[in-house]
Amino acid sequence: MVQTDFAFLLQAIAWPLALLIAWVAGEWLLERWHVPRVTSYVAVGLIGGLINLPGLTTDIPGLPFLANVALALVLFELGYRMNLRWFRHNPWVLVLGVVESLATFGVVYWVSGWFALPVDHRLIIASLSISASPAGVLRVANELRSTGQATERVLHLCAINCLMSVLALKLVVAYWTLSTSGDIVLAAFNSVHVVGTSIAVGGLLGVAVSWMLRLRGAHERGVTVVFALAVVLLTTAAYGLMLSPLLAALTFGIVARERRVHLSSAQRDFGTAGDMLSVFLFVYIASLLTWTDVTHTFVLGVVLILARTVTKVLCNLAAARLSGISERKGVLTGLALTPMSAFAILLIEQTRLYGFEPAVQVLAALAGMMLLQELFGPVVTQRSLMAANETHVTKE
Amino acid sequence: MPLETFKASDSLTMGVELELQLVNSYDHDLSSSANDLLDLLARKPFPGTVTPEMTQSMIEIATGVHTEHGPLLKQLQDIRDTLVGAGDRLNIELAGGGTHPFQRWFEQRIFAKPRFHQLSGLYGYLAKQFTVFGQHVHIGCSSPDEALFLLHSLNRYVPHFIALSASSPFSQGVDTLFDSARLNSVFAFPLSGRAPFVLSWEEFANVYFTKMESTGVVKSMKDFYWDIRPKPEYGTIELRVCDTPLTVERAAGLACYLQALCRHLLLRTEPPPEEDDYLVYTYNRFQACRFGLDGMMVNPKTRESISIREDVLATLRVITPHAQALNSLAALDEIERTAARVGNHASFLRARYQDSGSVEAVVRSSVEALRHGP
């Protein structure tokens, strides 16, 4: 008689079970209390980590790659939603994105000085704080089928934030490489090469895929499949070449949009496959956090979130009138940019994989901030878009 | 409350209202952005008027009162340029066309105004399905009886305006095979269709309207969704059968075609309107919606069948002297070009679909058409 190995079974089914529970919880809490789905996914991942669910480990090979594919799909969609021509008609949106990114970097760097953190850690934290989570923002906006100026701006600013965050982090990595090894070639390789080549590869793929689709005249559903497969290819290639898959995917989306192959609204979030990967992404990100780190860095987390949020809100408020919206919508746009964790965590994780040593300590130092952002960021975005009257659940 | 007094205005003056689509630049679906656009437009003087419509993805613009084609077109172009500029600042595209080819009606949000909420409460899903876009043309009348005379005399020409303006072949993502699918949405409303055959304002106001009001079904003229209705507060009749064309140039052409036609009718050289004219009205209207300029209409007086295209071209010959007198010959050129050569905008949109195989590309072409003209 074959003996069932229950310990092995539990270990093997931990991930699929956690994902299924996360999905069910997401649907249930959304229906019952309008909790954004992604918040439920994060909560399940956190609880799984807290109770130390056997098998729910991040040591399984391939998980970081899968998470990067999931986020790369989101970044592609975000890039595809960007309208570069808008910046020509309304340069204030672009100026706001850049100034707000720099201000966030400066303020977070300054505030983190109140805590006993090394300078290179503070620089990394400041770089990561620029970013807003494309997965959190886009998922919530799509879930609400939100349309309007706050939504448009949140998506465009989020993309600018992510670009600026990657650039800042690469500069910090170059600075660190230079100061530890004194090797200027290596430092340049880690920054200019990674950024430049990632953008070039993403851009080239954008041109090639659009050309191919136009040649074949693919159906809308086919277009979505081709884009999804191209994102997987891009992520794999970026890993192999030690580039930034996130930056490459964002560029791919932007260039594909400029080349104009239509992505129908039915394919938002890349359909069912995109939904599944999204559940995985948020559970995975939550499972990366260590609870002991969270308790140690809770105060730091609260202070950093406040500093970051206030900076983003004030910048958006200052630019509201100039860029053609009301002050109220400006404030709500700033608030809607609250989520930041998924992108930041994957960015720092990937930097660690490429040999950037301080990444591990920074991830631990940011645990408190990430926990709060992951859990409550999407809720703030959701409530802000609802308050802006841009969603369908808003009382009309 | 009795029907308000008909405020007489200068005969043959005209004004145009256009309902326009707000479209997002990402996937060209409708964008619920009317609030944002109206907020921005409110900061500067607007070369006309702009108001919200039933749902958040549409706005309505209106010109002032005009007598000639040139100034009317100029104002429409100024309005168009101002709107497009504001849309560019907010990353919102604007388009004409009677329907959005693939929007999902159930996703539309009712604009937060008491009247729209009340209509939404009364009509249920019909209110959201009413996310269709029309052109209304007002023609000034010197007396209420003149208004009713014109209203009924125009009955045989209604197919012309439907066919010439038709720009709504697609609905819910598919070709409906109608040139104007929009009018089918309007027809769902209980008080749509033709006005009752009454030629005296006294009888209309004191008998018909009073009776209708006593039933509790209507409170004002706004509750009637007739193809042509009198508008006592402006002293006009309002033609409501046109789809919003893709260009303001065609919108101006249609308005001036109506103006010249009314001048011709007011000479009373044609047999007077009578109730029997309406025997073929719904049939003619259907032909115009379904087949556009290729539809066949029956002349209610002679009972002869003729293609709408031929009837338009014949009418153009009759009213040319009136257009000359009204300084609107350029408008007739636009109508002649439409009927005889380039076709209506439904044909234009179908051709774009043939080229691209995509309804998104159809919206893209509508956006470009409004922006750059013919």
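How many cavities of 30 Å³ or more does the structure hold? It holds 11.

This is a predicted model, so local features need pLDDT of at least 70, side-chain atom pairs count only at pLDDT 80 or more, and totals for chains, interfaces and linings use all residues. Residues are numbered from 1 along each chain as its sequence is written, chains are lettered from A in the order in which they are written, and side-chain values use heavy atoms, with hydrogens and water left out.

**Stop 1: a cavity in chain A**

Select A:Ala70, A:Leu73, A:Val74, A:Glu77, A:Leu138, A:Arg139, A:Asp269, A:Phe270, A:Gly274, A:Leu277 and A:Ser278. They line the second largest cavity. About 80 Å³ of space lies inside the second largest cavity. On a 1 Å grid over the protein atoms alone, a cavity is a set of points where a 1.4 Å probe fits but cannot get out, and lining residues have an atom within 4 Å of a point. Grid points are joined across faces, edges and corners, and a volume is the space filled by probe spheres set on the points.

Now colour α3 (63–81), α7 (134–144) and α12 (271–287) of chain A; each supplies at least two residues of this lining. α3(A) gives the most, with four residues. Helices (H or I, at least four residues) and strands (E, at least two) are DSSP runs, numbered from the N terminus. The lining has six nonpolar, two polar and three charged residues. Ala, Val, Leu, Ile, Met, Phe, Trp, Tyr, Cys and Pro count as nonpolar, Asp, Glu, Lys and Arg as charged, and the others, Gly among them, as polar.

**Stop 2: the largest pocket**

Go to B:Glu17, B:Glu60, B:Arg229, B:Lys231 and B:Glu238. Of the 45 residues that line the largest pocket, these are the closest to its centre. The pocket has a volume of about 1,000 Å³. A pocket is an open set with protein on both sides within 12 Å along at least five of seven lines. Strand β1 (residues 14–24) of chain B contributes the largest share of the lining, five residues. By class, the lining has 19 nonpolar, 11 polar and 15 charged residues.

**Stop 3: where the chains meet**

Show both chains. The contact (heavy atoms within 4.5 Å) takes 27 residues from chain B and 34 residues from chain A. The two chains bury about 2,600 Å² between them, 39% of it on carbon and sulfur atoms. Buried area is the accessible area (1.4 Å probe) that two parts lose on being put together, summed over both. Pick out B:Tyr26, B:Arg89 and B:Arg109: they supply 30% of the area that chain B buries against chain A, more than any other three residues.

**Stop 4: helix pairs**

Select α5 (residues 144–153) and α9 (residues 248–266) of chain B. They pack at about 110 degrees, with their axes 10 Å apart. α5(B) and α9(B) are therefore roughly perpendicular (65 to 115 degrees). Axes are lines fitted to C-alpha atoms, for helices over the stretch in contact, and angles run from 0 to 180 degrees between N-to-C directions.

Next, α11 (residues 308–325) and α12 (residues 329–342) of chain B. Their axes come within 10 Å and cross at roughly 170 degrees. That makes α11(B) roughly antiparallel (over 145 degrees) to α12(B). This contact has 10 nonpolar, two polar and two charged residues.

How values were computed
Parallel < 35°, antiparallel > 145°, perpendicular 65-115°, else oblique.
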